[in-house]
Amino acid sequence: MTCRCRSMHNGRVDVLGGGPRLIALDVDGTLLETGAPASARVVAAVSAAVSAGAHVVVTTGRTLLTTRPVLAELGLVEGHALCSNGAVHIDVARGEPVAVQAFDPAPAVAALRTLFPEMIFAVEKVGVGTWATGISPGEFSIGEYLLVDDAELSSEPTPRLNGWWPDGDFAEMVRLLHTLEVPDASWVHGEFGPWLTVSRRGVSKGWALERLRTALCVPPEATLAIGDGYNDREMLRWAGHSVAMPHAPAEIRDLADEVADDLDADGVAKILERWFPT
């Protein structure tokens, strides 16, 4: 089947034209507070959007393993999800990856080790778990967690390399990262604390969503994205209508067309209910 879609632009969703047909939703800090369930109102709003025929795409920095419970909680049983900041594309019905954008982590590990000698690294083993050089705070409660050295960690391609600088200063980490040069990799730092994530160069939530939008033949102006972090930057730029959460960093809020109410006030649900009443 041939799809003819209009060219990409940054226009707003035409609310009177039926609303968004492709909805990208970040998870932590957007759909839910990390470690807590999504509210009943958010779940109902997502269900209403799906029932109306919209493609609701969970788009997260989480791994495949830690995304699956969110999909189940939201009642999403088919369609698409994007994990690892767009590097892993899941077929929701099967719960399995259909595309993985992997890269060689060795050059990034070597360069980061020079900048941050104490940094703890972790790589995703898709559908299996995590290999790491130490114990760090995070989301690794599902699947295998194997402690390895830098050489073993770097021995296989991965869609996601995480780094955590214990006792490091966030501002100093960001300053040093501006000197980081790894030709085949891109990085993004977190909002709170000395964390970063490295992916294949050019891979991002926005990049993956544009590939999906084209495949689904959704017009650019019929896209909606809601997020709260630096890893949502490209996604918000991509969307026909973009929404930031109120706790997002100022530069992320400035990218968005509007700012939602906070999590406690069911901000995501209120946005979706404009077009998809429950």
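**Entry 1**

I started at Gly127, which sits in the loop between strand S6 (120-125) and strand S7 (129-132). Helices (H or I, at least four residues) and strands (E, at least two) are DSSP runs, numbered from the N terminus. Before going on I noted that this is a predicted model, where local features need pLDDT of at least 70, side-chain atom pairs count only at pLDDT 80 or more, and totals for chains, interfaces and linings use all residues. I also noted that residues are numbered from 1 along each chain as its sequence is written, and that side-chain values use heavy atoms, with hydrogens and water left out.

The cut-offs are under 20% for buried and over 50% for exposed, with partly exposed in between (1.4 Å probe, protein chains only).

Next came the neighbours. Not counting residues up to four places away in sequence, Gly127 touches Leu64 and Leu65; contact means heavy atoms within 4.5 Å. I also looked up Glu144, 17 residues from Gly127 along the chain. The C-alpha atoms of the two are separated by 9.4 Å.

**Entry 2: strand S6**

I moved back into S6. Six of its six residues are buried. Ile120, Ala122 and Glu124 lie on one side, and Phe121, Val123 and Lys125 on the other. In a regular strand the side chains alternate between the two faces of the sheet.

Which strands pair with S6? S7 joins S6 through four bridges, running antiparallel. Strand S9 (residues 161-164) also pairs with S6 in the antiparallel sense, over four bridges. Two strands count as paired if DSSP finds at least two bridges between them. I picked out one bridge on each side. Val123 has Trp131 in S7 as its partner, and Ile120 stands opposite Trp164 in S9.

**Entry 3: the eight-stranded sheet**

I traced an open sheet of eight strands, in the order S5-S4-S3-S2-S1-S12-S13-S14, with mixed pairing. Its edge strands are S5 (96-100) and S14 (258-259), each pairing on one side only.

I followed the S5 end. S3 and S4 run antiparallel and are joined by four bridges. Cys83 stands opposite Val88 in S4. The two strands form a hairpin with four residues between them, and Ser84 in the turn has a positive phi of about 50 degrees.

S4 and S5 are antiparallel and joined by four bridges. His89 is bridged to Ala99 in S5, and Asp91 to Glu96 in S5. This hairpin has four residues between its strands, and Gly95 in the turn has a positive phi of about 70 degrees.

**Entry 4: the cores**

Which residues touch the most other members of the largest nonpolar core? I found Ile23 and Leu31, in a core of 37 residues. Such a core is a set of buried Ala, Val, Leu, Ile, Met, Phe, Trp, Tyr and Cys residues joined through side-chain atoms within 4.5 Å. Elements that each supply at least two residues of this core include strand S1 (22-25), helix H1 (40-51), strand S12 (223-227) and helix H9 (267-273).

I listed contacts of Ile23 beyond four places in sequence; among them are Ala49, Val57, Leu224 and Phe276.
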